[in-house]
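The tour moves from a helix to a pocket and then to a cavity.

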Amino acid sequence: MLFRSTREQCKDFLLGDTMTPSSAANAQRKLVAVLSEAVRDKRIVENPAKGIKVPYSAKRAELVPVTYEQLCTIEQSLPPEWRLALWLCFGCGLRIGESLAVRADSVRNGTTLRVEEQVTNAHTGHSVIAPLKGRHLSDWRDVPCAAWLLDKINAHVAEFGTEGYLFPAFAVAHIPTQRWRRRFNVGCVKAGCPDLYMHNLRHRFSSTMLDAGEPIANVAKFLGHRDINLTVMLYGHLIKESTGRAVSAADKAFSEFKGDA
């Protein structure tokens, strides 16, 4: 019956109040892909879902304070072979599923981490390796990797002898990612920061990059955002005030015109 769906039915499905904005956006991408196949197979003449704009209003990111000591306490609540994932989220702004899919050969030139896959939970309750969020299987992104984080990666490999995935329990043995999250939540309570969520570590990475003057377009690439507008909505308020720098630059560039005023 899917092939008899009208554009209005697609709109009712995607723009109703039964899904969150992010879920609706994800559903729209999948629906368009399925119906595009139907067009190619000549089951339908045109794709009724193509071009439907799904509004996504992201709330701006709020930073939750967390100290290094608190992170170390959280780390101790995780099994030793899982602990590196915490620092990958904090130091590279990765989603937890992306951290758990990092391989030993993901470090490039000793300065960047190539992010190519994610561990996600399948309908069976087990985890599986999948493409990055909203991406194709061959898509990837490079994220700056600090020297201190590279040392932690090397120490992890030396201790656990990992040659493939750094976290085979999730990427190979298919343990659900909820187990990692539960241990993380226990650690947050012990560390005295029960309101800390995994995404707060990603926000911390983003704010650090912006505070250092990294262009928001680069931060969007590091985070894997498809649309820079999402990055601006989330983190635009964290960009340092630049009016003074802009005025100084304009004065310098157009100084020859001062006498014409």
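Here are the stops, in order. This is a predicted model: local features need pLDDT of at least 70, side-chain atom pairs count only at pLDDT 80 or more, and totals for chains, interfaces and linings use all residues. Residues are numbered from 1 along each chain as its sequence is written, and side-chain values use heavy atoms, without hydrogens or water.

**Stop 1: helix H10.** Select residues 216–223. Helices are DSSP runs of H or I with at least four residues, strands are E runs of at least two, and both are numbered from the N terminus. Ile216, Val219, Ala220, Phe222 and Leu223 are buried (under 20% relative accessible area, 1.4 Å probe, protein chains only). They span an arc of only 160 degrees around the axis, so they sit on the same side of H10. The arc uses directions from the helix axis to the C-beta atoms. Step on to Gly224, which follows H10 and has a positive phi, near 85 degrees.

**Stop 2: the second largest pocket.** Select Phe90, Gly91, Pro144, Cys145, Ala146, Trp148, Arg204, Phe205, Thr208 and Met209, which line this pocket. Helix H4 (84–92) and H9 are the elements that give two or more residues to the lining. H9 supplies the largest share, 4 residues.

**Stop 3: the largest cavity.** Select Glu98, Ala101, Val102, Arg103, Ser106, Arg114, Val115, Glu116 and Glu117 to show its lining.

On a 1 Å grid over the protein atoms alone, a cavity is a set of points where a 1.4 Å probe fits but cannot get out; a pocket is an open set with protein on both sides within 12 Å along at least five of seven lines; lining residues have an atom within 4 Å of a point.

Key
Buried means under 20% relative accessible area, exposed over 50%, partly exposed in between (1.4 Å probe, protein chains only).
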